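My notes are below, in the order I looked things up.

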Amino acid sequence: MYRDINEGRDAKITEKSEKARKEFFQKCEKIKKGAAYNEKKVLEIANNCALEYLKVFGRIGVHPLLHLKGGKKRPRYMIDRDETWVIYKPALWQMGGQPSAWRDNLLKIQQGTKSLKEAEDKYLASEKAETMQEWHVLETGMLWLPPDRMQDFRGWGFIQRLDLETDGPVIIAKTWRNMRALQVQMKLHVNHKAYMCLVHGRMENKTVHAKRKFAELGSDASTQVMLQNDAVNDPFFDWSSGGKWSNRSVRMAETFFTPLAYYHRKEDNSDYTLVYVNILTGITHQIRITMQSFGHPLVSDDRYLPRDQAMADLKWCPRNFLVEVRADFFDVTGPHKDPEHRNYTRISLENPLPQMFQNILTKKLILTEVLDPTADLFVGPRYWAIGDYELMSAYPKDDDYRKKVMRWGQRRGIHLDALNRLLMLSKDDIDDVLNNYRPPSELGAEAYTNWICPVCMHWNTPEEVERQERNNWGEKKIDPDVCRGGGRITALGKDCKGRRQVNEDKVKSTVPEGWLNYVKDPTIHFLYLVNAKWLEARRTVMKNARPSWERAPDEAEGTIATPEMLVVLEEALVDKAKKGELGLHESDLVTLPGLEDIQFPLGLPPECDVQRVRLPGCGSQSQWVYTLKAFKRIDYTSVFDAKAQRLQGPLFVKTDELPPKQIRRKTDEASSDSNGKVALKTAGSWDWSSALSAATDEEPPEKKQKVSSSATRKWERRESKSNPGKFYFVNTVTGESSVEKPQDMEDNWEMMISKSSGKSYYFNHATGESRVEKPEGMEDTGSAGEAALLNMASGGSTASQPKADEGIKWERRESTSKPGSYYYFNPTTGDNEITPPVVEFPWTLVESKSKRGQKYYYNEVTAESTVDPPRSAKPAPKKANDTKANGSSSPPGRLSTGAVNGKQEKLPAGWTRKESEKYQGKFYYTNSKTGETSWTKPSPWERAESNSNPGKFYYINCETGETSWTKQVVGIAS
C-alpha cells in the first residue's frame with residue numbers, strides 16, 4: 001500500500017511517481033471511454049489527456065527565476081568563426097516557434113526602441129521566456145540570412161535545440177553549406193554532446209547504455225510530454241501499436257549515462273545522484289524521460305516529476321538541474337591554422353555547471369560518496385565519451401601496434417583526430433578498416449560506396465540503402481545511385497532527386513552555389529567512415545551493464561609537476577580561459593618556460609587547480625588536454641563574450657568542385673594530325689572514339705558499326721569494395737553503373753585451367769559466371785591458345801605456359817664463414833646479394849628491435865612479416881662508387897674516397913667522399929651534380945621514380961634498402 005504523498009517528504013520518489021502514474025491512467029481511461037473512437041478525434045483526445053498529465057506531473061508555467069531581477073541571463077557568444085557561431089543559451093530562453101513569428105516580434109521590438117542596448121534590455125527584463133533565434137538576429141542583423149535559401153534556413157541556422165530550462169552551447173551556421181555539413185555531423189553522431197544532471201534517489205553504480213522507445217502526447221509544444229512507449233506507462237500504447245493512431249510519433253532514444261557522486265539533503269532525508277550523460281539520438285526531452293524511465297527523475301523537472309515534488313524542489317533548486325557541459329565538433333569551413341595540411345578545425349568546448357548549481361552541490365547538499373575519483377564534479381569525468389574507458393580495457397594495444405596504425409595514417413594524411421578513434425576498436429575491426437579504405441579521391445567512384453549529393457550535400461552510404469531495403473522487406477529494389485536525403489532532416493521539405501554522378505555538361509546547372517566537399521580532408525573523410533564502428537563498439541562493450549569502478553590499463557606517468565611548473569601552467573590556462581578556450585594540448589606544454597624538457601604525460605598533484613582530460617575517441621597513449629578545474633574556470637567562462645559582429649549581407653563562399661569520380665564525362669573528341677595519327681585529348685587518357693575511327697578506316701561498314709557500338713557500351717562487372725560479395729556493372733566509357741546486368745552487355749567467355757585440379761572450365765569475364773560445360777553460342781575458335789590449354793589440362797606442357805608464380809622467390813641465408821651475418825640468395829640469377837632487396841608499398845624494410853643488426857620485411861596493410869624478401873622485391877640498385885660494379889680498386893693499405901675503415905661507404909647518387917687537401921686526414925662529401933660540399937655525411941635517403949607507377953616518386957635508403965612513399969628528409973628536392 002502506498003502512503004499519501006502529503007504525509008511527508010520522506011516518501012520515496014518511486015512511490016510518488018507510481019501514485020501519480022495511476023491517477024493519470026485513470027483520468028485517461030475516462031476520457032477515452034467518454035469520447036467514441038473517431039480517427040479525426042484522436043488528436044483531440046490525446047491533447048485532453050496531455051492536459052490531465054500536467055495536473056499530476058510537473059509545474060508547467062511556474063518559473064521563479066523569470067520574476068527575479070537578474071534571473072534571466074544574457075546569451076553570450078562563445079565562438080565567432082568564418083561560417084560558424086557558438087552561442088551560450090542560458091536557462092529560461094526558448095528555441096521553438098516559426099520564423100514568421102520571430103520576424104514579427106523583432107520588428108515590434110525595433111520599432112519600440114531607439115537603440116540596440118534598449119532592445120537588449122527589453123528582452124532581458126521580460127517576465128516571459130523569449131526566443132534565442134530573435135536575440136541572435138537582433139545581435140547579428142537579418143541581412144546575412146540568404147533570401148534564396150530561406151526554406152532551408154527555417155531555423156535561422158540553429159543546428160540544435162535545448163529545453164527551456166537547460167543551458168549550454170548551441171551551434172549556429174552562417175551559411176547554407178555549413179548548415180548542411182554540420183547537420184551531417186549530427187546525423188552521423190560525429191559531433192559530441194555531454195550533459196550533467198542531478199536526479200532523485202541513489203542510482204545504481206553502473207555505466208549504462210539505454211535504448212528505449214518514447215511516444216509523443218499532445219500536439220502543442222508548450223504542453224507536449226513524452227511517454228515511455230509500453231503498456232505500463234503509455235495509456236495510448238494499444239492505439240499506436242494496434243493501428244488506431246498510426247501516424248503517432250514514436251521514436252527511439254539512445255543514451256549513455258554514468259553516476260559520478262551521491263548527495264544527501266538533511267531537511268527531508270532524501271538522496272540524490274549526480275549523473276553524466278551522452279546522447280546519440282537527441283529526441284524531445286531525451287535525458288529527462290530516460291532518467292524518469294529508470295526511476296530517477298531530475299530535480300525540479302517541470303514536466304516529469306510528481307507535481308507536489310516538483311513544487312517542493314523549487315524551494316532549494318529554482319530550475320531544472322540539467323546543463324550541457326561539453327560540446328565537440330569539427331568546423332570544415334575555417335579559418336584553419338594550417339590549411340595546406342588540414343582543412344578542418346576541431347572545436348572542443350566546456351561549459352561548467354553555473355555558480356548556482358555549484359553552490360547547491362557544495363552548500364545545500366552533503367556529498368556522501370564520490371563514485372569516480374578522477375572526475376571533476378562540476379564538469380564531468382576525465383574521458384568525455386562514455387564507453388571510451390571501457391574500450392581501452394576491452395581492446396588494449398601495445399606501442400608497436402599503435403605505431404603501425406599511425407604510420408599507415410600519416411602516409412595518407414590522416415590526423416590523430418581520426419586515428420585515435422580507430423584505435424579504440426578491436427584489432428580485427430581495425431584491420432578490416434585499413435584493408436577496405438579508399439581515399440577521398442575515390443568518393444562516389446562506384447555504386448554502393450559513400451558519396452556527397454551534388455544537390456543537397458547529403459552524405460550517402462551503402463548502409464542507408466541496405467537499411468531501406470530491410471525496412472521494405474526487399475519488396476522494392478533501392479537504387480544506390482539516388483540520394484537518400486531530403487525530408488525533414490535536410491530541411492528540403494521533400495525527397496532529394498540528386499544522383500551519385502552528374503553529366504559533365506550539367507554540373508554547373510546541378511551543383512548549387514556554395515556547394516562544399518566537406519570530406520576533401522582525409523581526416524574528416526576517414527572520421528566519417530570509422531565513426532560508425534566506434535559508436536557500435538561503445539554500444540557493444542556496454543551491452544552488459546558495467547561497474548563504474550572498472551578501470552582501463554595503467555599508463556606510465558611522465559614528469560611530476562613541480563610547484564614552479566604549476567604556477568607557469570596555471571597562468572597559461574587562465575589566459576586561455578579568458579579567451580574562451582578549453583586549455584592546452586599536451587604537445588603545447590613544451591612551449592611554456594620551464595616545461596621544455598618534460599616527459600609526457602605531465603603528472604599533476606591531486607590538490608592543484610589543474611586537471612587533464614581526453615576528448616571523445618581518445619584512449620590509451622593518446623594526448624591529454626590540460627584545463628583549469630571547473631570551480632576556478634567558471635569565474636572566466638561565465639563572463640566571456642566573443643561579441644559577434646553584425647553582418648551586412650549573406651556571406652560569399654567559394655563553390656567546391658565535385659569529386660572527379662562523381663562527374664560522368666563525355667567521350668572526348670580528338671583530332672587526327674596530318675599523318676593520320678590519333679592525338680591525345682588529355683594527358684594520360686585516349687580519345688577512344690577517334691582511335692576506333694582511325695583503326696577501322698579500312699574495315700567494311702558493318703564491321704565499323706559493330707566495333708563502334710561495342711566501344712561506346714563497354715560494360716564490366718565489378719565487386720563493391722565497401723560491400724564485399726555485392727556486384728554491379730559499370731560502363732568504362734560512359735561512366736554509367738547498374739546493379740542489374742545491362743541488356744546490351746555481351747557475354748565474354750574464355751576457357752580457363754583450374755589451378756587446383758588442372759581441369760578446364762569456362763569463365764565469363766562479363767558476369768563472373770563459371771561452368772564446366774561449354775556455353776551455348778560460344779564460337780569454336782580452334783586457336784592454338786585453346787589447344788595449348790587443352791593440352792595443359794590433359795597433363796601436357798607448352799612453352800608458352802605462363803609461370804604459376806611471378807616475381808623472385810628470395811631466400812635469406814646465414815653466412816657459413818661469418819655466423820650471425822646474412823645474405824640474400826636470388827634463385828633466378830644465382831647471385832648472392834649483401835644489400836637487402838628493395839620493396840615498394842605496402843612492404844617496408846624494418847630493423848629488428850630484438851635482434852640488433854637484423855632486418856625483416858613488414859606488410860603495412862596485412863601486418864604480415866617475413867625475413868625472406870617478398871616476391872615483389874627487386875635487387876638493390878648498384879651504386880656508382882661500388883668497387884665491384886665499376887671494377888676499380890684502391891692501392892693496398894690506402895682507402896678509396898668512398899670507403900670508411902676499409903668498408904665501402906654507401907652514399908646517395910652523385911655524392912662522393914674525398915680527403916681534404918688543406919686538412920690532411922679529414923674527409924668531406926661533395927655532390928658532383930650540384931657542386932654542394934659538406935663535412936657531414938649526407939642523408940642516405942634518395943628520391944626515385946616508381947617503375948610500376950611512372951610519374952610517382954618514392955624515397956629509398958641507400959644504406960638499408962628501406963623504402964617509403966612519404967619520407968621527408970633534408971636535402972631531398974621535392
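**Ground rules.** I am working with a predicted model, where local features need pLDDT of at least 70, side-chain atom pairs count only at pLDDT 80 or more, and totals for chains, interfaces and linings use all residues. Residues are numbered from 1 along each chain as its sequence is written, and side-chain values use heavy atoms, with hydrogens and water left out.

**Cores.** I looked up nonpolar cores, meaning sets of buried Ala, Val, Leu, Ile, Met, Phe, Trp, Tyr and Cys residues joined through side-chain atoms within 4.5 Å. Buried is under 20% relative accessible area, exposed is over 50%, and partly exposed is in between (1.4 Å probe, protein chains only). The largest core has 154 residues, and Leu198, Phe321, Leu422, Tyr518, Phe526 and Tyr528 have the most contacts inside it. Helix α18 (residues 522-541) supplies the largest share, nine residues. Helices (H or I, at least four residues) and strands (E, at least two) are DSSP runs, numbered from the N terminus. A second, separate core has 25 residues, including Trp245 and Ile289.

I then checked Phe321 for contacts (heavy atoms within 4.5 Å). Leaving aside neighbours within four places in sequence, its partners include Leu198, Leu274, Phe357 and Leu361.

**Sheet.** I found an open three-stranded sheet in the order β1-β2-β5, paired antiparallel. Strands count as paired if DSSP finds at least two bridges between them. The edges are β1 (76-80) and β5 (168-173), each pairing on one side only. Four bridges join β1 to β2 (residues 84-89), and Arg76 stands opposite Tyr88 in β2.

**Glu254.** Not counting residues up to four places away in sequence, Glu254 touches His209, Lys211, Gln286 and Arg539, among others.

**Cavities.** I used a 1 Å grid over the protein atoms alone, where a cavity is a set of points where a 1.4 Å probe fits but cannot get out, and lining residues have an atom within 4 Å of a point. Of its 13 lining residues, Met78, Leu349, Glu350, Gly580 and Thr637 lie nearest the centre. The elements giving two or more residues to this lining are β1, β12 (345-350) and α20 (630-637); β12 gives the most, with three residues.

Key. 1 Å grid on protein atoms, 1.4 Å probe; cavity = no way out; pocket = protein on both sides within 12 Å on 5 of 7 lines; lining within 4 Å.
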